[in-house]
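Let's take a walk through this structure together, going from packing to charges. Keep the 3D view open as you read.

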Amino acid sequence: MDRETRLKRLRFRSWHRGTKEADLLIGGFFDQHGERWSDDEITLFEALLEEQDVDIMAWAMGTDTAPERYRGTILDALKTLNYVPISE
């Protein structure tokens, strides 16, 4: 599968998680960072999306420790939470 197709699939999967909170967290994160990822980072994010939303959200908020395989640049960026839109 070519890069563009992978990114389109990831965008859809990121925004269709099952809860509004997960959609905003994971979808917003993808929109902010996904286009700049290397092929290895795309592969890692694909694997991350196989995890449960509650786990991904806990890792992003720092209430649980992520497995070693996810630690690094993607998880560090996920933890910033500056990509989640907040209505005023």
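Predicted model: local features only at pLDDT ≥ 70, side-chain atom pairs only at ≥ 80, totals over all residues.

Now turn to α2. This helix has 14 residues and spans 19 Å from its first C-alpha to its last, close to the 20 Å expected at 1.5 Å a residue. Its buried residues are Ala 22, Asp 23, Leu 25, Ile 26, Gly 27, Gly 28, Phe 29, Phe 30 and His 33, and they pack against α1, α3, α4 and α5.

What does the side chain of Asp 23 reach at 2.7 Å? It is the backbone nitrogen of Arg 17. Leaving aside neighbours within four places in sequence, Asp 23 is in contact with Ser 14, Trp 15, His 16, Arg 17, Gly 18 and Gly 28.

Arg 17 does have a salt bridge, with Asp 53, and the closest N and O atoms of that pair are 2.6 Å apart. The pair links distant parts of the chain, since Asp 53 sits in helix α4 and Arg 17 in the loop between α1 and α2, 36 residues apart. Both partners are buried: Asp 53 has a relative accessibility of 14%, and Arg 17 has 18%.

How many salt bridges does a search of the whole structure find? The search gives 8. Among them is the pair Asp 39 and Arg 3, with closest N and O atoms 3.2 Å apart. Asp 39 lies in α3 and Arg 3 in α1, so this pair ties together parts that are 36 residues apart in sequence. Here both ends are partly exposed, Asp 39 at 45% and Arg 3 at 32%.

Another salt bridge joins Glu 51 to Arg 69 at 3.1 Å. Glu 51 is in the loop between α3 and α4 and Arg 69 in the loop between α4 and α5, so parts 18 residues apart in sequence are tied together. Arg 69 is exposed, with a relative accessible area of 53%. Finally, salt bridges with shared partners join Arg 11, Asp 31 and Glu 35 into one network.

Note on methods. Residues numbered from 1 in each chain as written. Heavy atoms only, no water. Polar contact = N/O pair within 3.5 Å; in protein donor to acceptor, adjacent residues only side chain to side chain. Contact = heavy atoms within 4.5 Å. Helix = DSSP H or I, 4+ residues; strand = E, 2+ residues; numbered from the N terminus. Expected span 1.5 Å × (residues − 1). Buried < 20%, exposed > 50% of the residue type's maximum accessible area, 1.4 Å probe, protein only. Salt bridge = Lys/Arg side-chain N within 4 Å of Asp/Glu carboxyl O.
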